[in-house]
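Trainee: I would like to go through this structure term by term and set each value against its definition. Where shall we begin?

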Amino acid sequence: MTYDLTGKRIWVAGHRGMVGGAVVRRLGSEGCKVITAGRDVVDLVDQKAVHDWMKATKPDAIVLAAAKVGGIHANASYPVDFLYENLMIEANILHAAHEADVERLLFLGSSCIYPKFADQPIQEASLLTGVLEPTNEWYAIAKIAGLKLVQAYHKQHGRDWISAMPTNLYGPGDTYDLATSHVLPALLRKFHEAKERGDKEVVVWGTGTPLREFLHCDDLADALVFLLRNYSGNDHINVGSGVEVTIKELAETIAEVVGYDEALTWDTTKPDGTPRKLMDSSRLHALGWNNVRDLKEGIAQTYADWIANG
Ligand code: GDP
């Protein structure tokens, strides 16, 4: 299939987030009309507000990038916020989209939907084959429910809706608040501030041994537009970069990009989280997309953007 985006009215839900922002930028060159609506216009947790807004707006397609997101600490500290808000956002938008006859919808999940000890690299078929990583199971359960709801609309109502599961993301528009951020922006900030203050050491969480795969949000957005155009199946699709590093290697690369050359120490009282999280993106590659930038270049670009734009 090819879904022609030209002239389509596409709602990017969550445009203020890192992923939504990247999708808005990427759709800018597709000849479509991008629709956005901030929380002041429609509160996505409010069922009636979402239904009223959807009925009035009637988009042709939706990229559902809105979610309550956060790093390992935030996830473990605010289980209700992560589970309840994400369930509400998904259920409200999908049902309202069905009633408004939305042609195409792309739901964004996350690699944390997979079991903690899934075989690596993680295939789409690993879903629901084992227990989840406890530090982010609240978010994971909500995202699993969301992708199942997409499949349910596909199955019961023939909706041409799809889901994509990105790996760990980074890039412009990320969260730099140390209490809620993911590791990459957290370390950019820690090293940058340590350099400014002339600190002799930076403390990094965990043991440094966990492996993570990182994908730039603009590369993700490119893959999502590709899927919106070219993929119609009932199964969700992994979107990874194949670029896998230990947290220690990541920390060293970030220190190099920032220009911090003092000591790195490890706070092993902080959780490591899941030991390894590498996606098998061979289905995406087989569909015809493989377009990933170099990690160090991506980090340097992200650092420059944060310094310029905050
Ligand atoms: P995860 O991929 O869901 O585990 O989420 P994170 O990006 O929050 O954490 C990834 C890994 O980086 C974990 O092993 C953390 O312990 C480690 N890490 C090291 N320093 C930091 C930090 O300052 N912030 C965060 N969020 N993680 C850190």
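**Helix packing and ligand contacts**

Mentor: We can begin with helix α8 (residues 247-258) and helix α10 (residues 295-309), whose axes come within 10 Å and cross at roughly 50 degrees. That angle makes α8 oblique to α10.

Mentor: This is a predicted model, in which local features need pLDDT of at least 70 and side-chain atom pairs count only at pLDDT 80 or more, while totals for chains, interfaces and linings use all residues. Residues are numbered from 1 along each chain as its sequence is written, and side-chain values use heavy atoms, with hydrogens and water left out.

Trainee: Why is α8 called oblique to α10?

Mentor: Angles under 35 degrees count as roughly parallel, over 145 as roughly antiparallel, 65 to 115 as roughly perpendicular and the rest as oblique. The axes of α8 and α10 cross at roughly 50 degrees, so α8 is oblique to α10. The crossing is also right-handed, a term for a near helix turned clockwise from the far one by less than a right angle.

Trainee: Which residues of α8 and α10 meet?

Mentor: Leu-250, Thr-253, Ile-254, Glu-256, Val-257 and Val-258 in α8 meet Leu-295, Lys-296, Ile-299, Ala-300 and Tyr-303 in α10, contact being heavy atoms within 4.5 Å. By class, this contact has eight nonpolar, one polar and two charged residues; Ala, Val, Leu, Ile, Met, Phe, Trp, Tyr, Cys and Pro count as nonpolar, Asp, Glu, Lys and Arg as charged, and the others, Gly among them, as polar.

Trainee: What makes α6 oblique to α8?

Mentor: The axes of helix α6 (residues 183-197) and α8 come within 9 Å and cross at roughly 45 degrees, and that makes α6 oblique to α8. α6 passes α8 in a right-handed crossing. On the α6 side the meeting residues include Leu-184, Leu-187 and Phe-191, and on the α8 side they include Ile-247, Ala-251 and Ile-254. The residues of this contact divide into eleven nonpolar, one polar and one charged.

Trainee: Why is α4 roughly parallel to α5?

Mentor: Helix α4 (residues 79-99) and helix α5 (residues 137-157) pack at an angle of about 15 degrees, with their axes 8 Å apart, which means that α4 is roughly parallel to α5. Their crossing is right-handed. Among the residues that make the contact are Phe-82, Leu-87 and His-95 of α4, with Trp-138, Gly-146 and Tyr-153 of α5. The contact of α4 with α5 divides into 14 nonpolar, five polar and two charged residues.

Trainee: Turning to the ligand, which residues are the closest?

Mentor: The ligand is surrounded by 18 residues, of which the closest are Val-183, Lys-190, Arg-212, Pro-271 and Asp-272.

Note on methods: Axes fitted to C-alpha atoms, helices over the stretch in contact; angles between N-to-C directions. Helix = DSSP H or I, 4+ residues; strand = E, 2+ residues; numbered from the N terminus. Near = heavy atom within 4 Å.
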